[in-house]
Amino acid sequence: MQTRKKYIFLAFLASWLLLFFFFGDQLHRFAFFSGRKGEARGSWPHWTDQSLLKSFANPEELQSDGDPSLPSPRERRAAWLNVYKDSRCRMETCFDFSRCEKHGFKVFTYPRERDQPLSESYSKILTSIERSRYYTPNPKEACLFILSIDTLDRDHLSSQYVRNVDEKIRAFPLWNGGRNHLIFNLYSGTWPNYTEDLGFDIGQAILAKASFYTQNFRPGFDISIPLFSKDHPQRSGERGWLYQDSVPPKKKYLLVFKGKRYLTGIGSGTRNALHHIHNGKDIVSLTTCKHGKDWEKHKDTRCDKDNVNYEKFDYQELLHNSTFCIVPRGRRLGSFRFLEALQAACIPVLLSDGWELPFAEAIDWGKAVVVGSEKLLLQIPSVVRCIHPEQVLAFQQQTQFLWDAYFSSVDKIVHTTLEIIKDRLLPHRSRSRFLWNVLPGGLLALPEFSTHLGDFPFYYLQRGSSPSEKFTAFIRVVSPSGSLSQPLLRLIQAVSGSQFCAQILVLWSCEKPPPPSGKWPQTSVPLSVIQGQGKLSDRFFPYAAIRTDAVLSLDEHTSLSTSEVDFAFVVWRSFPERIVGFPARSHFWDPEQRRWGYTSKWTNELSIVLTAAAFYHRYRPGVISQHLPAGLRELVDSLATCEDILMNVLVAAVTKLPPIKVTQRKQHKENVPQQVGCKEGSAETPPAGEQSPSPQHSPPAKVKGTAGGRRFSQRQDCLNQLADWFGYMPLMSSQLRLDPVLYKDQVSVLRKKYPRLERP
């Protein structure tokens, strides 16, 4: 027993010795610092003892991480729940699809109240909807509803803030808790935190909002829109600064910024740090604190120097001469600078953490912007320097496409918003992301026509394919006698003799019935007769009988040979996105009349190819009948000579390219299309070779009293009304005419592919 106790005592002693040997130094230092800490604690003054040490920080700030001006997660969550009580809304749960089944995608705007003021921007939004093809004045037909109450500015310090919105919208019988409603908003929240509180419950409404925070964004339901100013144009808008097919030279500056610097409050952290990347050479970062009423009270030591440097540079000049533009957050996540940089082809470098980019559901922003992090600002210069010049050019070209397709006007911003919602209703017939991100864009690639890329005239080059090798001849007949004229019979024989003709469709646009089938000529291709509705726009209706990609549009009095038709079709297959035809006209600006003029004078320029003898893609009639609003189609039916101008204007607006004229043996004689009924003697055929007056001496608008004068006056009225509707003149001029190889050359006719083109 004694021996056992001795061994236990020795083991215990050995354990203490080992513990002291291995950990003695650490124990000594621990005891030493504990003593020093106790001494310091006894002699160090309290934080609240201002007589010994003045406090420069709030104890609550010392315990928190990040910018004290930012709302805490709890405050942000409370504000979010206040706005998004239906935070789990999706199209499947908060949208009534049955309202869209009978009449399709129609939009109703609430009647405007006389005593309810509207901001300029919201008036533009409502106008864009009311003049679009989506609009319906009947709420029973509507799939989507838009409030007449201005909800764009929800900063209660703003003069445009509308109060008592909750009470007003609940009084609307169609409100239904916000279901099937779309609410637009540009500004939310107010000083100092600028939360996304709109000041009213949106219920189950879709929110189209600028400066959308990703944590508040409801994917597949809400839509992020860009922040635009009240001066943003209603229609058209200015072109981008990088012209098509032009390679920009090396610009003077690599990276620029010029804007406000916030000394306090939300957003100040990012902008206060921008001066660190300024080198005064290829990187220019200029800020000013000289804004607001009491900026002098808060100015720091850098303000005076920054203000002096700020005035040395012009903002527009920096945009023109820089490759990249910094787009930092302001008080809110978005800023006007984003659209300004897009238009200027200055690649935006975004410094706005948590921003849901505009239309990100459809647009691939990775091809047009550089997304940076506010916390990694100092890495931005090295990042942009590493981007290859070829990729820089691709980014610049994409900024121009996106600007022109979706952001250059209020109309395009609103229509893009509506088209995204429309795509959600029928996902199986929605546009692919590819269609949204390549020319001509999602607004002009209509899913009603097709969802297959090969059916559109824009994507043959990308797909490495070609249009079909046959065409459909579409002849419009307005003969008042109701019989077949000799020019019509000769035209049918010439067209049917083409090796590329698949079928002939005759649009009979008279109230009198067409002749029986036995009186029509025998042709080698199928010939069908379609009874028109008596409208001039019948020519551009998307008839199901047209199965070929190419359509040859003809009038009954057109005179063409088989060789002319063959050559024109071969040319069209190389340019399927354009109009290719024979009779050409041009437009000009008349400075005296301050309006657009129309002329058939034979000059070296052309901008219009008449559809009396022209090839176009079968997609074009679908655009006219489905994309354009009813008011524009009514314009075509009211003016007897407007339908071919509309086709040329629309194609030029989409492609930004002029039509192509091909070889023609005889000069075309313009005929006035017949109105409904095709009454006997209503046709007006001008004398052969009649031309409009010269634009330099006698504007066509002044020609009166003759059939030709009335015709040119109507065409000019049509041209000017279309320019007013589009907001600009889309027509493009060209000096190109395509002839066959060896055309008019002094060689044997046997060596020429189209010898009949040179015979009278």
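Guide: Let us begin with strand E8, which is largely enclosed by the rest of the structure because seven of its eight residues are buried. Buried means under 20% relative accessible area, exposed over 50%, and partly exposed in between (1.4 Å probe, protein chains only). Strands (E, at least two residues) and helices (H or I, at least four) are DSSP runs, numbered from the N terminus. The model is predicted: local features need pLDDT of at least 70 and side-chain atom pairs count only at pLDDT 80 or more, whereas totals for chains, interfaces and linings use all residues. Residues are numbered from 1 along each chain as its sequence is written, and side-chain values use heavy atoms, with hydrogens and water left out.

Visitor: What makes E8 and E9 a pair?

Guide: Two strands pair if DSSP finds at least two bridges between them. E8 and E9 have six bridges, in the parallel sense, and valine 256 stands opposite valine 284 in E9. E8 also pairs with E10 in the parallel sense, over three bridges; there tyrosine 253 has serine 322 of E10 as its bridge partner.

Visitor: Why are E9 and E12 said to stand at the edges?

Guide: The open sheet has five strands in the order E9-E8-E10-E11-E12, with parallel pairing. Strand E9 (283–288) and strand E12 (370–371) each have a single partner strand, so one side of each is left without a neighbour in the sheet. Further along that order, E10 (residues 322–328) and E11 (residues 347–351) are joined by five bridges, and proline 328 stands opposite leucine 351 in E11.

Visitor: Which strands does helix H13 touch as it packs on the sheet?

Guide: Helix H13 (residues 389–407) touches E10, E11 and E12, and its direction makes about 90° with that of E11. Contact means heavy atoms within 4.5 Å; axes are lines fitted to C-alpha atoms, for helices over the stretch in contact, and angles run from 0 to 180 degrees between N-to-C directions. The buried residues of H13 include Phe395, Leu402 and Trp403.

Visitor: What is the handedness of the crossing where H5 passes H14?

Guide: A crossing is right-handed if the near helix is turned clockwise from the far one by less than a right angle, and left-handed if anticlockwise. H5 passes H14 in a right-handed crossing; their axes come within 9 Å and cross at roughly 65°. Among the residues that meet there are Ile125 and Ile129 in H5, and Val414 and Leu418 in H14.

Visitor: Why is arginine 578 called buried?

Guide: Its relative accessible area is 15%, and the limit is under 20%. Arginine 578 lies in the loop between helix H18 (562–574) and strand E17 (580–581), and it touches residues including Trp572, Phe615, Tyr616 and Pro658.

Visitor: What makes the approach of proline 658 to arginine 578 a polar contact?

Guide: A polar contact is a pair of N or O atoms within 3.5 Å; within protein, one must be able to donate a hydrogen and the other to accept it, and residues adjacent in sequence count only if both atoms are side-chain atoms. The backbone oxygen of proline 658 lies 3.2 Å from a polar atom of the side chain of arginine 578.

How values were computed:
Lists of a residue's contacts leave out its neighbours within four places in sequence.
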